[in-house]
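My notes follow in the order in which I looked.

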Amino acid sequence: MNQPNPEKNARKPRAPRAPKGGAQAKPETAKNGRGKPAQKAPQPQAADARAADNARRKPFYSRTRRPQQKQKTGPAAVPMHIIPLGGLGEVGKNITLYECQGDMLIVDCGLVFPDSDMFGVDLVIPDFTYVVQNKDKIKGVVITHGHEDHIGALPYLLKQVNLPVYATRLTIGLIKNKLEEHGLLGRTKLVEITPRRKFKLGCFTVEPIHVNHSIPDAVAFAIECPAGVVLQTGDFKIDYTPLSGGPTDLAAFAEYGRKGVLALLSDSTNAERPGFTATEKKVAQSFANLFRRADKQRIIIATFASNLYRIQQIIDLAVENGRKVAVSGRSMANNTQMALELGYLHAPEGVLIDIEQLNKYPPEKVVLITTGSQGEPLSALSRMASASHRNVRVGPGDFIIISATPIPGNEKMVTKVVNGLLLLGAEVIYESMYDVHVSGHACQEEQKLILTLTAPKYFLPVHGEYKQLKKHAMTAESLGIPAQNIHIAEIGQDIRLSADGLETCEPVPAGVVMVDGLGVGDVGNVVLRDRRHLSQDGLVIVVATVSADGKLLAGPDLVSRGFVYVRESEELMDEARKLVIQCFERCRNERTHDWNSVKTRVRETLSAYIYRRTKRSPMILPILMEV
């Protein structure tokens, strides 16, 4: 076997090539320490080019890498949708829809009373279009408490969609009264709930949390779903010395805060008021002083029919002062009777009397509790102020207490009632004069406490006008909640919420539906516009009889309602009648037989003339009868 020859296999160095063209050979490059040729010395032009190239390149830092953002490798967080259908930018009409993984849940279903420019409208309720469209997904309605702005629209919803209703004991009693009036009690499933006892509705687990308010049995809700936990406070305040029921369950809020709260929806009604809301005991002391002051007078007290704490205070003081108690107003009578049956009101035997027996006792031996603290035109107190109440005649011997704060927009109506009572000779005490009312809503320090205990990732202020929502949002931001995690929503806005973030989606159908008598929704913007027009400038009706070819056979007759008194404006009406006759003649000469076109020309001609003469624009209604 041939052995390898190292010398034979060794690579021989190449001989240097002779330069072409007979040029002198370049010197051989020097060897470095590793046997490799050293680098050639850079030529001046090459060095300049390399320096320019390095200047264009980004600098490189050896052994230093830029930190890279961590890419999420897991699945996206489960989202939920919160859709407020009312209660934002207004005080009342509270209703919020929750959706997660195809299941839906409604919190509250309230109404609001009409503004002064909603002529003839009795109530305003939410638009239930989106609820009806998704009725198969909705698992139920949960109610925070029994005030009208949270339960008042339930009968109108349940007429369209049959849903189970979950509420505390007293709230169910108030709901039963409403459903019975609408003939819905027999077909509606009512489920009683209690604080700290969870119940499931689809993928939602709901836990009621006891809170203080101006009505017993008020609760907040902790709504847990695959997306996380959302807390909705409902109407609340923190009263450390409540008349009954114990203070707000702050421990429950704190427990959820430790576990983690995705979002908090909190009452904003008193967001502009610093400090704490006064305790109900403050009112009890003021009432005691007023009872002593009215020792020889009949006492009439107006308050909310649902304010059972206030009614119990009045009953207790009446017993102490040896007075009988009567109630006036249908809602007041119904609520008082229901609360007595359920044990939320207590009165010794013989203290409560029927209003028909009121005049059988001396004035200094009776107390009358009545509705009408908001100046409602048809309420019992309003009828007393106008001397039209069937059983009560107000006079100089009456001492009247209005124990409520006017809801925004009702100030003028309350003032009108107060003036009417004063004119009849009664002595009237109202909220701005004495401590005869305290709010049931949290002020800034109480709102801060709930925000701090729950430490929500996202915050949505609810229940209030925009200025109150904005102020509550500013309070939350001052506590360290990032501004981008605070959202002031609008009615109908679809808020998509998850641990990954908050975003708004396409809005859903929402708005207001007006109730006028037995009509629900048949009064819209067009009807309101006509009513407003009629209220401002009145109506002029033009009646004429014409032949088929447009010849005027009889009339025209002009009838005025709310515009001018015809007998005192004969010249104006005669001139208007002549113009209408000329208009008919022109239409006939132009062979215009389209009656709609004729009516339009009559309306335009008469409107221009009346405005030129009176600077008014009454509604003009032409009526043509063809023979």
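I began with the largest cavity, which holds about 180 Å³ of space. Before going on I noted that this is a predicted model, in which local features need pLDDT of at least 70 and side-chain atom pairs count only at pLDDT 80 or more, while totals for chains, interfaces and linings use all residues. Residues are numbered from 1 along each chain as its sequence is written, and side-chain values use heavy atoms, with hydrogens and water left out.

A cavity here is a set of points, on a 1 Å grid over the protein atoms alone, where a 1.4 Å probe fits but cannot get out, and lining residues have an atom within 4 Å of a point. Points are joined across faces, edges and corners, and a volume is the space filled by probe spheres set on them. I found three cavities of 30 Å³ or more.

For the largest cavity I listed 24 lining residues, with N94, T96, Q232, V462 and H463 nearest its centre. The strands β1 (80–86), β2 (95–100), β12 (263–267) and β18 (458–462) each supply at least two residues of that lining; strands (E, at least two residues) and helices (H or I, at least four) are DSSP runs numbered from the N terminus. By class I read ten nonpolar, eleven polar and three charged lining residues, where Ala, Val, Leu, Ile, Met, Phe, Trp, Tyr, Cys and Pro count as nonpolar, Asp, Glu, Lys and Arg as charged, and the others, Gly among them, as polar.

I then turned to helix pairs. Helix α8 (residues 280–293) and helix α9 (residues 308–320) have axes that come within 10 Å and cross at roughly 35 degrees; axes are lines fitted to C-alpha atoms over the stretch in contact, and angles run from 0 to 180 degrees between N-to-C directions. In α8, E280, V283, A284, F287, A288 and F291 meet R310, Q313, I314, L317 and A318 of α9, contact meaning heavy atoms within 4.5 Å. I sorted these contact residues into eight nonpolar, one polar and two charged.

Last, I looked at helix α16 (residues 570–589) and helix α17 (residues 595–614), which pack at an angle of about 150 degrees with their axes 10 Å apart. The two are therefore roughly antiparallel, a term for angles over 145 degrees. Their contact includes L572, L579 and F584 of α16 and V598, L606 and Y609 of α17, and its residues divide into eleven nonpolar, two polar and five charged.

Technical notes. On a 1 Å grid over the protein atoms alone, a cavity is a set of points where a 1.4 Å probe fits but cannot get out, and a pocket is an open set with protein on both sides within 12 Å along at least five of seven lines; lining residues have an atom within 4 Å of a point. Angles under 35 degrees count as roughly parallel, over 145 as roughly antiparallel, 65 to 115 as roughly perpendicular and the rest as oblique.
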